[in-house]
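This briefing is meant to be read alongside the sequence and the coordinates.

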Amino acid sequence: MCELFGISSAKKYPANDYLSVFYSHSQRHPHGWGLLTVSGGEFRMMKEDRCALSSERLQKRLSCTVSGEVVMAHIRYATIGNVEYENCHPFCGCDNTGKHWALMHNGTIFDYPPLRRYLWEQKGQTDSERIFLYLLDQISAAQKQKGASLTLEESFSLLETLITDMAKGNKLNLLFTDGTHLFVHTNCRHTLYYLPHKDSILFSTTPLTQEAWREVPFARLMAFSQGRKLTEGTPHQNEYLESADATKMLYRIFADL
C-alpha cells in the first residue's frame with residue numbers, strides 16, 4: 001500500500017529529520033511521493049511519480065528547512081492506478097467557498113457506490129482521488145444548503161458520518177486538512193501511530209524513531225489543530241481486516257475498466 005506522515009503544530013514545525021526517515025521507506029514504496037506544507041494558511045504542494053530516493057526535486061527541498069503548522073507527506077506503492085503524476089498524493093482542491101483542502105490516503109476502497117461517479121470525473125485512476133472528490137462535494141453541498149461556511153462542529157459531524165459509512169469493508173487511513181484542522185482516521189489496527197511533542201503532534205504509518213510513538217485511537221474520526229486534539233468521534237465497528245480474495249477481486253474489476 002502506501003505510507004502517511006502528518007504534523008499539526010501551534011507554530012511552524014521543522015520537519016526535516018522526520019521527513020528524511022519517512023522518505024527513506026520509499027525503497028519499498030517507489031511509485032511516487034508527495035509533500036504538503038501549510039503556513040499562515042498558504043498551501044505549498046509538491047509531488048512526483050518517481051521514487052523519493054531518486055528525486056532531485058525532493059532532495060533539493062529537504063536541503064532547506066521544511067516547516068508548517070500543518071505538514072503532510074506520502075509515499076506510494078501502486079495498487080490501483082498507473083504510476084503517474086495524477087495518481088500521487090496529496091489531492092488538493094477548493095470547496096465552493098474557496099477554502100483549500102488536501103487529502104492523503106493509505107488503503108483500498110473495495111466497494112462504495114457513491115464514489116463510482118468519480119471514475120469519469122477524476123484526473124487519475126485512484127480510489128484515493130475519488131474519496132477526496134466525494135468529500136469535497138459533500139462539504140460544498142452542505143455549505144450551499146446552509147448558505148454559509150460550515151463550523152468545525154458541522155464539518156466534523158458531516159465527515160464523521162461519511163467516513164464511518166465509507167469504512168464498511170474498506171481500508172480507510174486518512175489525513176485530511178483545510179489548512180487549520182487536521183482530520184485523522186484509521187480503521188486498520190497497527191497502521192497509524194502518533195507522537196505528541198510540545199505544542200505539536202506527529203502521525204505516521206510506522207514509528208519513525210525510538211521515541212514513544214503510540215497507536216492512533218482506532219475506528220473513529222479525530223480533529224486536531226495547533227498540535228492539540230479538538231474533538232473525537234464515536235468509535236465505530238467498521239474494522240478493516242486484510243483479505244487476499246477481496247484484493248484479487250478488486251484487481252480483476254479494474255482490469256476490465
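Contact here means heavy atoms within 4.5 Å. On that basis, residues 24 or more positions apart account for 67% of the contacts in the chain with a separation of 6 or more. The model is predicted, and its secondary structure comes to five helices and 13 strands. The radius of gyration is 17 Å, close to the 18 Å that the globule rule gives for 257 residues, so the chain is as compact as a globular protein of that length.

**Overall dimensions and burial**

- Taken along the principal axes, the box that the C-alpha atoms of the chain fill is roughly 45 × 40 × 30 Å.
- Of the 257 residues in the chain, 54% count as buried.

**Nonpolar cores**

- The largest nonpolar core has 27 residues, of which Ile 131, Leu 135 and Phe 176 touch the most other members.
- Two or more residues of this core come from each of the elements β6 (100-108), α3, α4 (152-166) and β7, and the largest share, seven residues, is contributed by α3.
- Leu 135 illustrates the packing: leaving aside residues up to four places away in sequence, Leu 135 touches Leu 103, Leu 159, Leu 162, Met 166 and Phe 176.
- Another core, of 23 residues, lies apart from the largest one, and its members include Ala 15, Met 46, Ala 52 and Ile 75.

- The structure holds 12 aromatic pairs, one of which is formed by Phe 22 and Tyr 23 in an edge-to-face arrangement, with 5.4 Å from centre to centre and 65 degrees between the planes.
- Both partners of that pair count as buried because their relative accessible areas, 0% for Phe 22 and 3% for Tyr 23, fall under the 20% cut-off.
- A further edge-to-face pair joins Phe 132 and Phe 176, whose ring centres are 6.3 Å apart and whose planes stand at 80 degrees to each other.
- This pair links distant parts of the chain, since Phe 132 belongs to helix α3 (residues 127-146) and Phe 176 to strand β7 (residues 171-177), 44 residues apart.
- Phe 132 is buried at a relative accessible area of 3%, and Phe 176, which is also among the core residues that touch the most other members, counts as buried at 1%.

**Charged groups over rings**

- The charged end of Lys 47 is placed over the ring of Tyr 85, at 5.2 Å from the centre of that ring.
- Arg 189 lies over the face of Phe 218, and here the distance to the ring centre is 4.2 Å.

**The surroundings of Thr 205**

- Thr 205 is found in the loop between β10 (200-204) and β11 (214-215), and with a relative accessibility of 8% Thr 205 counts as buried.
- A polar atom of the Thr 205 side chain lies 2.7 Å from the backbone nitrogen of Leu 4.
- Beyond residues up to four places away in sequence, Thr 205 touches Cys 2, Glu 3, Leu 4, Asn 106, Thr 191, Leu 192 and Tyr 193.

**Backbone geometry in the loops**

- Most residues other than glycine have a negative phi, and most peptide bonds are trans.
- The peptide bond between His 89 and Pro 90 is cis, with omega at about 10 degrees, and Pro 90 lies in the loop between β4 (67-75) and β5 (91-94).
- Asp 199, a residue other than glycine, has a positive phi near 65 degrees; Asp 199 is located in the loop between β9 (193-197) and β10.
- With a relative accessible area of 39%, Asp 199 is partly exposed.
- Gln 226, although not a glycine, likewise has a positive phi, of about 55 degrees, and Gln 226 sits in the loop between β12 (222-225) and β13 (228-232).

Technical notes
Residues numbered from 1 in each chain as written. Predicted model: local features only at pLDDT ≥ 70, side-chain atom pairs only at ≥ 80, totals over all residues. Heavy atoms only, no water. Phe/Tyr/Trp six-rings, centres within 6.5 Å; stacked < 30°, edge-to-face > 60°. Buried < 20%, exposed > 50% of the residue type's maximum accessible area, 1.4 Å probe, protein only. Helix = DSSP H or I, 4+ residues; strand = E, 2+ residues; numbered from the N terminus. Lys NZ or Arg CZ within 6 Å of the ring centre and 35° of its normal. Core = buried A, V, L, I, M, F, W, Y, C linked by side-chain atoms within 4.5 Å. Polar contact = N/O pair within 3.5 Å; in protein donor to acceptor, adjacent residues only side chain to side chain. Rg over C-alpha atoms; globule rule 2.2 N^0.38 Å.
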